[in-house]
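Welcome, and thank you for taking a look. Please have your viewer ready, as this report goes through the structure one region at a time.

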There are 2 protein chains.
Amino acid sequence: MATQVASERVFNYSAGPAVLPVPVLERIRDEMLCLPGAGASIMEISHRSEQFIAVHEDAKKRLARLLKLGDEHELLFLQGGSRLQFSMIPMNLLRGQECAAQYVITGSWGKSALAEAKKEGAVEVLFDGAETNYDRLPSTSDLSIRPDAAYVHVTSNETIQGIQFSDDLDTGTAPLVCDVSSDFLHRPYDMSRYGLMYACAQKNAGPAGVTVVAIKKELLARSQADLPGYMNYNNHVENDSMWNTPPTFAVYVLGLVAQWLEESIGGLEQMHQLNRDKAAVLYQVIDNYPEFYVGHARRSDRSLMNVTFRFASESLEKQFLAGAKEAGMDSLKGHRSVGGIRASIYNAMPMEGAQALATYMADFAQKNA
Amino acid sequence: MATQVASERVFNYSAGPAVLPVPVLERIRDEMLCLPGAGASIMEISHRSEQFIAVHEDAKKRLARLLKLGDEHELLFLQGGSRLQFSMIPMNLLRGQECAAQYVITGSWGKSALAEAKKEGAVEVLFDGAETNYDRLPSTSDLSIRPDAAYVHVTSNETIQGIQFSDDLDTGTAPLVCDVSSDFLHRPYDMSRYGLMYACAQKNAGPAGVTVVAIKKELLARSQADLPGYMNYNNHVENDSMWNTPPTFAVYVLGLVAQWLEESIGGLEQMHQLNRDKAAVLYQVIDNYPEFYVGHARRSDRSLMNVTFRFASESLEKQFLAGAKEAGMDSLKGHRSVGGIRASIYNAMPMEGAQALATYMADFAQKNA
């Protein structure tokens, strides 16, 4: 069990699992053998222990404060990632409903969500951006939302394509179900608009292995009793996310990230401003060299989280990635379906990380344009 | 984010999440900010990165070696705990089958597994120990196993009741499906007997949030294509447990525990001997004071993992727990459905922990008997 420690951290633009705040990592490190008051690691204590319940409650309270969650929603910590939600959502909210669920497909994740919904009931596609390789969002006025839709499913940020809704959609009387996996907590929300909001944590809120779900209480009555137990939201609501053993370590880290957002950043307004500032630094370079850096997203639909662009040639891309790695900037390769470069600059990416990359990009363009 | 560190570790007899090897915790602590070679925490790197794939492969190889797994099985790392397996198993292995699945109910977990199976298809109960409050196992010869059963489901160790099968059941041509959540890796197995073996990690193999499944390849053909995506074993097999983002940190810890088993303990034979020795130390005290300590499990069915016993009075129980806590021994309270005391002495509990508790128990009996 010999330990070899490399202490040099790089700037890590991974699309997920992704960068976490250094103070959070330091706290986890310092408490690893002994959570204060527990006499054991956070991983070693029962989910029914007073120490873990305090951790769980703290995480819930902090997230509820950040989201300005009132009594309208239940907040759950689940497992299985967004993929399990892709099935749980239609199993709970579509089965037995008269009207179809409507899906807005703005990229790869929306497509995967749709594929699972089709197994469960009637589904309509309100928009599909395939024709332009998912480089743009629909304008809300173009969406024919039915007032009696079972729900309207939207992906707030498409990680692979780098496009993002900048505001909370108004779906009227149809419940909005929104996958915020890749931009959860990056800005304040008007939660009254969300029937169900869900996010796997590993992009913007914690480690892989915990999924946050906020669901309006009024929707819980739709779930049928014969659902597989884990798939029924009611089981998790009735047992405060402890119907089975929760992923205790992941919940602990989620709580520490929420604490960092509250205490070090100052809240979601401040986080939003910082995210806008970081993204502006990178998009500015792209706009300064429009022949050299070809952004994937339509300008008005650019993501604050994932900055995607291509070069004229693959050899330039390889050169760019090699030079970046040399300079301590990692995980910049884009997803195969879009190609090129993807710089993910989630909440925990400091401004220094955006600036370092922008400087490198400007230099690289000047040398190679 | 101020860090307050309490360094005093207690002996932790939690039934799960439970004790982990100290060298594993130290390694996690030392690598928390920077996984060697990655320039980032294990939590921050992509599951597609070469560094994580190396971690994932290492965990798989070590588990396969410990289990002596050949080509007959696929090894998967999933989320959702045993609870999700309670549904996934009948969804994959019972739907569309002609013959019922047969369940052996030896305690609380078996009952929960049965409840989910009933939602999916025809089920028969081969044995139910309810009459004696699950204090005993059936003899294998009493089980009317059908050769053409969809499968036979067994719980190898009932955590709450403290009873355990000491050997690999022979279910003939009917596939054995076994929940080994609370004694996984505590002894060597004859894996050829297991159609599907599954374990959530948080009792004997790692942190909460990852579930290990070993499934015979021949069983994979049973899964129907319209299953919810996450619930279909084939999706996980075809994508080497990366159909969705795996719980990367939990897989990393699982691999470190497997490494500790191989390198520090020496393998499952040695682990088994140590577990027998630890359990013997505790059961000896119970047997030395048979009027004072009332064991829950029938003697022949006693668990090596969870030692359960009661007192004549509740006040003695309170006094016992308070004194134990005072002496640095924690999480000894039994489950409400059985009452009394439960000392969980999983793989990572050192002999010193069993001895400390045995000494305390002998003293306590002498003073209070």
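## The interface of chain A and chain B

Please keep in mind that this is a predicted model. In it, 76 residues of chain A are in contact with 76 residues of chain B. The size of an interface is often given as the accessible area lost when the parts come together. Here the area buried between chain A and chain B is about 5,800 Å², and carbon and sulfur atoms give 61% of that area.

Which polar links cross this interface? The rule finds 22 residue pairs in polar contact across the interface of chain A and chain B, with both residues at pLDDT 80 or more. By type, the residues on the side of chain A that touches chain B divide into 38 nonpolar, 23 polar and 15 charged.

Salt bridges are found here too: the rule gives 2 of them across the interface of chain A and chain B. A salt bridge joins A:Glu44 to B:Arg9, with the closest N and O atoms 2.8 Å apart.

## Helix H2 of chain A

Helix H2 of chain A covers residues 50-67, 18 residues in total. From its first C-alpha to its last, H2(A) reaches 25 Å, which is close to the 26 Å expected at 1.5 Å a residue. After H2(A) comes A:Lys68, and the phi of A:Lys68 is positive, near 50°.

The buried residues of H2(A) include A:Phe52, A:Val55, A:Leu63, A:Leu66 and A:Leu67. The buried residues of H2(A) pack against strand S2 (73-78), strand S10 (211-216), H6 and helix H7 (268-288) of chain A.

## Helix H4 of chain B

In chain B, helix H4 spans residues 108-118. Among the buried residues of H4(B) are B:Ser108, B:Gly110, B:Ala113, B:Leu114 and B:Glu116. What do they pack against? The partners of the buried residues of H4(B) are helix H3 (81-93), strand S3 (101-105), strand S4 (123-128), strand S5 (152-155) and strand S6 (157-158) of chain B.

## Two buried loop residues

A:Asn204 sits in the loop between strand S9 (194-200) and S10 of chain A. Is A:Asn204 buried or exposed? A:Asn204 counts as buried because its relative accessible area is 6%, under the 20% limit. A polar atom of the A:Asn204 side chain lies 2.8 Å from the backbone nitrogen of A:Asn347. Leaving aside neighbours within four places in sequence, A:Asn204 is in contact with residues including A:Ser181, A:Asp183, A:His186, A:Val257, A:Met305 and A:Tyr346.

B:Pro207 lies in the loop between strand S9 (194-200) and strand S10 (211-216) of chain B. B:Pro207 is buried, with 1% relative accessibility. Beyond neighbours within four places in sequence, B:Pro207 is in contact with A:Met43, B:Ala201, B:Gln202, B:Ala250 and B:Val253. The C-alpha atoms of B:Pro207 and B:Val257 are separated by 9.9 Å, and the two residues are 50 places apart along the chain.

## Salt bridges within the chains

Side chains of opposite charge can pair when their charged atoms come close. Over all chains, a search of the whole structure finds 38 salt bridges. One of them joins A:Arg299 and A:Asp287, at 3.1 Å from N to O. The pair links distant parts of the chain: A:Arg299 is in the loop between strand S11 (294-295) and strand S12 (306-310) of chain A, while A:Asp287 is in helix H7 of chain A, 12 residues apart. A:Arg299 is exposed, with a relative accessible area of 58%, and A:Asp287 is partly exposed, at 24%.

In chain B, B:Arg302 and B:Asp287 meet in a salt bridge of 2.8 Å, N to O. B:Arg302 lies in the loop between strand S11 (294-295) and strand S12 (306-310) and B:Asp287 in helix H7 (residues 268-288) of chain B, so the pair ties together parts that are 15 residues apart in sequence. B:Arg302 is buried, with a relative accessible area of 19%, whereas B:Asp287 is partly exposed, at 25%.

Technical notes. Residues are numbered from 1 along each chain as its sequence is written. Chains are lettered from A and ligands numbered from 1 in the order in which they are written. This is a predicted model: local features need pLDDT of at least 70, side-chain atom pairs count only at pLDDT 80 or more; totals for chains, interfaces and linings use all residues. Side-chain values use heavy atoms; hydrogens and water are left out. Contact means heavy atoms within 4.5 Å. Buried area is the accessible area (1.4 Å probe) that two parts lose on being put together, summed over both. A salt bridge is a side-chain nitrogen of Lys or Arg within 4 Å of a carboxyl oxygen of Asp or Glu. A polar contact is a pair of N or O atoms within 3.5 Å; within protein, one must be able to donate a hydrogen and the other to accept it, and residues adjacent in sequence count only if both atoms are side-chain atoms. Ala, Val, Leu, Ile, Met, Phe, Trp, Tyr, Cys and Pro count as nonpolar, Asp, Glu, Lys and Arg as charged, and the others, Gly among them, as polar. Helices (H or I, at least four residues) and strands (E, at least two) are DSSP runs, numbered from the N terminus. The expected span of a helix is 1.5 Å times one less than its number of residues. Buried means under 20% relative accessible area, exposed over 50%, partly exposed in between (1.4 Å probe, protein chains only).
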